[in-house]
Every structure is written in C-alpha cells, then in structure tokens.
Amino acid sequence: MDLADFIDQNRAEILQAWDAYARTVLPATDGFTAVQLRDDADALLAAIAVDMRTSQSAAEQKAKSEGKRPYSAARARTNPAHSHAGDRLHQGFDLDQMISEYRALRASVIRLWTSRMGEADRGALDQLTRFNEAIDEALADSVERYTAEVDRARELLLGALGHDLRNPLGAVLLSATYLLRDEALDAAARGAAQRIVSSARRMSRLVDDLLDFTRTRLGQPLPLAVEPMSLAAVCEEVVREVETTHRGAVVQVLSKEDRQGTWDRGRVAQLLSNLVGNAVEHGAAFGPVSVELSGDAQEARIVVRNSGPPIPESLRARIFQPMVHGSDRVRAASSVGLGLYIARQIVDAHGGDISFESTPAGTSFAVRLPRHRRQQEPS
Ligand SMILES: Nc1ncnc2c1ncn2[C@@H]1O[C@H](COP(=O)(O)OP(=O)(O)OP(=O)(O)O)[C@@H](O)[C@H]1O
Ligand SMILES: [Mg+2]
C-alpha cells in the first residue's frame with residue numbers, strides 16, 4: 001500500500017494521536033472538545049493524501065521543499081491549513097505550539113507506517129526519522145527565539161505609540177470639554193462636542209490599557225499611588241461615564257453604602273471601567289447590568305453582573321490572558337482583549353483577587369480588595 005492510501009485508511013487513528021498531542025501542547029485545552037481540537041485536521045490529512053497522489057516535476061518538488069509554491073487565491077480560500085491556523089490562533093495556541101502540532105502529526109504518521117513495515121525498510125526509515133526530528137528540533141528553537149524577538153519589538157512599538165497618543169488625546173478631550181462650557185452652543189453642536197468627549201475618553205482608556213500591557217509584559221510592575229478613598233464615589237463616577245459612552249445602557253449601583261480603603265484611585269476606576277464596560281458590551285443588548293459593593297473591616301467586595309449567553313468554555317481558562325476575546329465578530333472588531341488582563345493586574349497589585357461565574361442565567365465578575373494593602377514582599 002502506498003503512504004497516501006495508508007493515510008486515508010488510518011485517518012481516525014492518526015487524528016486520535018493528533019488530538020492527544022494537542023492536549024499536551026496547550027494546558028488550557030481542558031475546555032475544548034475533541035471536535036474543536038481536531039477541527040480541520042481531517043481535511044488537512046485528506047488534502048495531503050491528494051497532494052501526494054498528484055504527479056509533480058522535479059522542479060515543482062524542489063520549489064515546494066523551498067516553500068516557493070506560487071500563491072493561488074483559490075487555494076488559499078479552500079486551504080484547510082489556512083483555516084486551521086485561524087482556528088488555532090482563536091483558541092490561543094502560539095506559533096511554536098501550532099508548529100509542534102505539525103511535527104507530532106508527521107511523527108505519528110511515520111510511527112504508524114513504519115510499524116507495519118519489514119525489518120530492512122525500517123532501518124533506512126529510522127535514520128530518516130532521526131534526521132527529521134533533528135531538523136524539527138532546530139526549527140522549533142529558531143521559531144521560539146524569533147517570535148520572542150518579534151513580540152518584544154511589537155510591544156516596544158505599542159508602548160511608544162500609546163505614549164505618544166496620550167498628549168494629543170488629552171488636548172482633544174480638554175478642548176471638547178472647554179467647548180461644552182459655552183452656554184451659547186446650540187443643541188447639535190453640543191451633541192457633537194459630547195460625542196467627541198466620550199469617544200476621546202474611550203480612546204484614552206484603550207491607550208491606558210495598551211501602555212499597562214506593554215509595561216507588564218516588559219517585566220515592570222504596575223505602579224500604584226495609594227491613598228484613602230471612597231469606592232462608592234469612584235463607582236458612581238465610572239458608572240455614569242460608561243452610561244454616557246454606551247448609548248441606552250443603564251447600570252444599577254445596588255449598594256451605595258460607602259466603602260473606604262487605601263487604594264490607587266485611578267487604577268480602581270480603570271478596573272471598574274473595564275468590568276462595567278464589559279458587562280455592557282458583552283452582555284445582552286440593553287440587558288440589566290448592576291454593580292454591587294459590599295465588604296467588611298478587612299476587604300471590599302465588588303460584583304458586576306450582566307445577563308446574556310454564558311462565556312464559552314473555550315474562553316474560560318484564558319479569559320484573563322492578554323489579547324483574548326470572544327468570537328462575536330461584530331463586537332470583536334472593536335475589542336482588543338486587554339480589559340480583563342489589565343483588571344487582573346490591578347487587582348493583583350492591590351493584593352486582591354478576581355473571579356467570575358457564567359451560566360445561562362448571567363455572568364458576574366467578583367473582585368476582593370484588601371482595604372489596606374499589605375506591604376509587598378521584597379522580590
Ligand atoms: N461580562 C461579560 N459577559 C460576557 N462575556 C464577557 C464579559 N466580560 C468579558 N467577556 C468575554 O471575555 C472576552 C475578554 O474580555 P476583555 O475585557 O479582556 O477584552 P475585550 O472586552 O474583548 O476587549 P477590550 O476590553 O480590550 O476592549 C470578551 O471579548 C468577551 O468575549
Ligand atoms: Mg473589555
């Protein structure tokens with residue numbers, strides 16, 4: 001039997017090995033079903049078998065081995081390797097993990113194939129397998145280093161960009177706020193100025209998140225300027241601001257009982273803004289959103305609730321990681337996937353914790369903040 005037929009006839013077994021390997025590559029695959037992990041692998045194997053049966057000239061073979069096959073838009077559209085890459089990106093695999101999956105796929109095909117061969121053929125193939133493994137290992141090491149360098153350069157660029165955007169954005173916000181003070185402004189102009197203010201506020205929040213992301217990814221701690229403050233007052237402010245930026249949103253503050261503590265006011269506002277913003281943006285459209293403040297002498301507790309479909313299993317384990325967001329394409333267009341990452345950094349810096357619960361009845365994010373931060377252990 002030739003290898004292409006062998007692949008076709010043993011697809012189920014090969015896919016099982018692929019699935020088992022994918023689970024070891026990414027610890028956060030707990031929430032994924034076998035279907036999600038095998039996704040396009042079946043189509044991929046079928047395409048490989050077809051490709052192996054297609055006759056090719058020596059020149060074509062050489063071009064393919066050097067990765068120089070001419071680009072074809074039609075092939076790109078139907079190429080299972082392309083859709084597989086898209087799925088893996090969405091599921092949170094990084095480049096090294098995706099490449100090692102292909103290595104595992106090749107290894108399991110070769111293992112199965114050689115196990116059914118005669119002794120003489122097997123000796124030659126064993127050597128070829130060892131050669132393949134050595135090349136694969138070198139490839140994986142290079143990819144790891146390469147992506148680390150690219151990531152670092154990108155993060156530095158984002159940091160510089162975010163930093164440079166701050167001043168012009170501040171000027172936009174200040175000027176629009178100044179215009180709003182003009183009593184003679186007609187309704188249309190006032191509406192326009194108001195929209196400038198709320199959009200600029202949204203942009204500054206994104207820029208702040210971006211800067212914090214680059215700062216923490218580059219290994220710097222999140223700086224805190226703690227002072228005695230009132231949680232209820234900040235909460236009220238943030239809620240009103242989110243209502244202004246999201247037309248039609250109504251957010252209920254369930255407990256107005258004041259909660260005092262020693263925290264970084266700006267950071268707590270950023271944390272609340274990310275959580276309340278998420279509840280409004282990702283919860284059911286115009287559904288109820290509430291913020292509840294409670295606590296005791298040691299800590300304050302904040303719970304933000306919204307209705308709407310539960311957070312998908314595949315997102316749960318990674319939800320606090322950067323650049324992770326849901327698959328809602330319309331909303332994903334404006335979503336960076338940094339809000340919860342930053343929220344967690346802020347909570348951690350204050351010595352608290354953040355968790356969530358999501359069921360068909362609704363989603364809630366709960367934060368606990370010690371009223372007075374314990375002295376940080378010297379690292
Ligand atoms: N309250 C919520 N209800 C339902 N889904 C949520 C909620 N909060 C977060 N999610 C899901 O978690 C994902 C990650 O949230 P996160 O705040 O980190 O990023 P984002 O809101 O998509 O983008 P950004 O906050 O950077 O603008 C969201 O895209 C959404 O799918
Ligand atoms: Mg968000």
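## Strand pairing and the model

Two strands are said to pair if DSSP finds at least two bridges between them. By that criterion, β5 pairs with strand β7 (residues 362-370) in the antiparallel sense, over 8 bridges. The model described here is a predicted one.

## The sheet

The sheet is open and consists of 5 strands, in the order β2-β4-β5-β7-β6, with mixed pairing. At its edges stand β2 (251-253) and β6 (353-359); each has a single partner strand, so one side of each is left without a neighbour in the sheet. From one strand to the next, the twist averages 15°.

Strands of a sheet pair through backbone hydrogen bonds, in either a parallel or an antiparallel manner. Strand β4 (residues 289-295) and strand β5 (residues 299-306) are paired in the antiparallel sense over 7 bridges, and they form a hairpin with 3 residues between them. Within this pair, Leu 293 has Ile 302 of β5 as its bridge partner, while Glu 292 stands opposite Val 303 in β5.

Helix α11 (residues 231-245) lies across β2, β4 and β5, and runs at about 170° to β2.

## A pair of helices

Helix α9 (residues 119-180) packs with helix α10 (residues 187-217) at an angle of about 155°, and their axes are 8 Å apart. Angles over 145 degrees count as roughly antiparallel; α9 and α10 are therefore roughly antiparallel to each other.

The crossing in which α9 passes α10 is left-handed. Sorted by class, the contact of α9 with α10 has 16 nonpolar, 7 polar and 5 charged residues.

## The surroundings of ligand 1

How many residues surround ligand 1, and which are the closest? There are 22 residues around ligand 1, and the closest are His 325, Gly 326, Ser 335, Gly 339 and Leu 340. By class, this shell has 9 nonpolar, 12 polar and 1 charged residues.

Which helix gives the most to the shell around ligand 1? That helix is α12, with 4 residues. Both α12 (265-282) and α15 (339-349) supply at least two residues of the shell.

Notes
Residues are numbered from 1 along each chain as its sequence is written. Chains are lettered from A and ligands numbered from 1 in the order in which they are written. This is a predicted model: local features need pLDDT of at least 70, side-chain atom pairs count only at pLDDT 80 or more; totals for chains, interfaces and linings use all residues. A residue is near a molecule or strand if its C-beta atom, placed from the backbone, lies within 6 Å of it. Ala, Val, Leu, Ile, Met, Phe, Trp, Tyr, Cys and Pro count as nonpolar, Asp, Glu, Lys and Arg as charged, and the others, Gly among them, as polar. Axes are lines fitted to C-alpha atoms, for helices over the stretch in contact, and angles run from 0 to 180 degrees between N-to-C directions. Two residues are in contact if their C-beta atoms, placed from the backbone, lie within 7 Å. Angles under 35 degrees count as roughly parallel, over 145 as roughly antiparallel, 65 to 115 as roughly perpendicular and the rest as oblique. A crossing is left-handed if the near helix is turned anticlockwise from the far one by less than a right angle, and right-handed if clockwise.
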